[in-house]
Amino acid sequence: MTRYFDDLETRTPEDRAADLARALPEQIARAQALPGYGDTLRPVDPNAITSVEALSVLPVLRKSDLGKAQSGTPPFGGLTTLSPDGFAHIFQSPGPIYEPGGISHDWWRVGRFLHACGVGKGDIVQNCFGYHLTPAGMIFENGARAVGAAVLPAGTGQTELQARAAHDIGVTAYAGTPDYLKVILDKADEMGLKLGITKAAVGGGALFPSLRQEYAERGITCLQCYATADLGNIAYESEAADGMIVDEGVIVEIVTPGTGTPVKPGEVGEVVVTSLNPDYPLIRFATGDLSAIMEGVSPCGRTNIRIKGWMGRADQTTKIKGMFVRPEQVAALVSRHDEISRARVIATREGEMDVMTVQIEADGGEPETYAGAVTDTLKLKGRIEIVAKGSLPNDGKVIEDQRSYE
C-alpha cells in the first residue's frame, strides 16, 4: 500500500482547484509588491488569477531576465520577499545567477521526492550532488532532513573514498546524477567492497533506460526528479515509474517555445513554472526545457498532473554530466582564439557516461592548445578535435545532442 508524504498528494481535482484559487491571488499579490517585477504585473488584478488557465495572461519570466535584474539589484534582482540576510544560503550558478536557499521544512520540496523513493528514517543517504557554490547538494540535504534520513555529504570526486565510506558507514541510499552511482559501484567492485545501497534518487541529467535496468539488476530502485536551482523540485517519479508527477508546490504549464501561449494537451512545448514559495515567488518562469502533459493520473494514486519528463531544450542549451552548456559559452570559446573560426559541442554516451566532444575549426594545431580554454568557458573537460575550416555543418547549431532518450 502506498504511503504518501502528505494529504496534498491525493487531493481531488475539485479540492486542488479550490486550494489553487486561494493560493494564486496571494502569490501574485506578493510578486506585484516586489521591485524586480517592475510594471509587468501591476496592471493585473490578483483576484482574477485563480486558475492555471488564468495565468496565461501574465508575461513569461526568463533566465535572461533574472540575470538582467540581478545585475541591477544584486543579488536576487528584487524578486524575493526576504532580504539576502534573511535566507540561510546564497548560491551562485553559472551565468552567474544567484539563488536563495532556505532550511525550513522541505523548503525545496525534495523531501516529497525522496519519500516517493522510499527514503526515510533509518536510511543513510550518500549525497553526491555538489556542495560548492551551486545549490544541488543543499537542496537534497534539506530534503533528506524532511524525511528523517541521515546524510553523508559526499559531493563529487574521490571515488575510492566514496566507495570506502559507503561500505564503512552502511549507506542505504544514493542521491546524485544518474551515472555517478555506477562509478561508485564499479569502484567498490574493484576494491572488493560490498555496498548496501538499495535506493537511488537522481537528477541533474537524463536517466537512460539501460542504466536504470543495470541498477535494478544490482537490486537498486532508481527514480528521478526534475528540479532546478531557481524553483526546487518541479516533478518526480513515484514507484509507478509512469511519467513524472508535478510537485504540489508549483504550477506547470506547457507553452509554445519562446512564447507564453499554452499548447494543446499532449503536445510538446516549453515548461513554464509558477512557484508557490512565498519567499521567492517566481511567476511563469520559463525553464527552457521541453516536455508534455500526460493524460490521466499516476497508478500510484497521486492525483496531480503528470509530465513526460525532460524531452530536450527549447533552445540549444544542453545538460552534459549534470552541467548546462549554453550557446553563449561556445561563442566565448571561439572569441578567445583568433584562429578559431567556429566550434561545435557534441554530447554522446559511452559506457553509461556522458561524453563531451568539442570540434574546433582551425588551420591545424594541437588539441591540447585549447584544453584550458574549453575547461574555462564550458566548465567541463572534454575531448577536443581540430577540424578543417568550413567543414562543420552550416545548420546554425553550436551544440548537438546525439544521445538517445528512447
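K379 is found in the loop between α10 and β18 (383-387), and its phi is positive, at about 65 degrees, although K379 is not a glycine. Helices (H or I, at least four residues) and strands (E, at least two) are DSSP runs, numbered from the N terminus. This is a predicted model, in which local features need pLDDT of at least 70 and side-chain atom pairs count only at pLDDT 80 or more, while totals for chains, interfaces and linings use all residues. Residues are numbered from 1 along each chain as its sequence is written, and side-chain values use heavy atoms, with hydrogens and water left out.

**Backbone points to check**

- Most residues other than glycine have a negative phi, and most peptide bonds are trans.
- A241 is another non-glycine residue with a positive phi, near 50 degrees, and its place is in the loop between β8 and β9.
- With a relative accessible area of 41%, A241 is partly exposed (buried means under 20% relative accessible area, exposed over 50%, partly exposed in between, using a 1.4 Å probe and protein chains only).
- P74 and P75 are joined by a cis peptide bond with omega about -5 degrees; P75 sits in the loop between α3 (63-72) and β1 (89-93).
- G95 and P96 are also joined by a cis peptide bond, with omega about -10 degrees, and P96 lies in the loop between β1 and β2 (97-101).

**Helix pairs**

- Two packed helices are described by the angle between their axes and the distance between the axes.
- Axes here are lines fitted to C-alpha atoms, for helices over the stretch in contact, and angles run from 0 to 180 degrees between N-to-C directions.
- The axes of α9 (residues 327-335) and α10 (residues 371-378) come within 9 Å and cross at roughly 150 degrees.
- That makes α9 roughly antiparallel to α10 (angles under 35 degrees count as roughly parallel, over 145 as roughly antiparallel, 65 to 115 as roughly perpendicular and the rest as oblique).
- In this pair, Q329, V330, A332 and L333 of α9 meet A373, V374, T377 and L378 of α10, where contact means heavy atoms within 4.5 Å.
- The residues of the contact of α9 with α10 comprise 6 nonpolar, 2 polar and no charged (Ala, Val, Leu, Ile, Met, Phe, Trp, Tyr, Cys and Pro count as nonpolar, Asp, Glu, Lys and Arg as charged, and the others, Gly among them, as polar).
- Helices α7 (residues 180-191) and α8 (residues 209-217) pack at about 40 degrees with axes 11 Å apart, and are therefore oblique to each other.
- L181, K182 and L185 of α7 make the contact with L211, E214 and Y215 of α8; by class, that contact has 4 nonpolar, no polar and 2 charged residues.

**Nonpolar cores**

- The largest nonpolar core has 34 residues, and those with the most contacts inside it are Y37, I49, L58, L66, V252 and L282 (a nonpolar core is a set of buried Ala, Val, Leu, Ile, Met, Phe, Trp, Tyr and Cys residues joined through side-chain atoms within 4.5 Å).
- Among the elements giving two or more residues to this core are α1 (13-32), β8 (232-236) and β10 (250-255).
- Apart from it lies another core of 27 residues, including F87, C117, I139 and A173.

**Two residues to look up**

- N127 lies in strand β3 (residues 124-127) and counts as buried at 1% relative accessibility.
- L8 lies in the segment before α1 and is partly exposed, with a relative accessible area of 34%.
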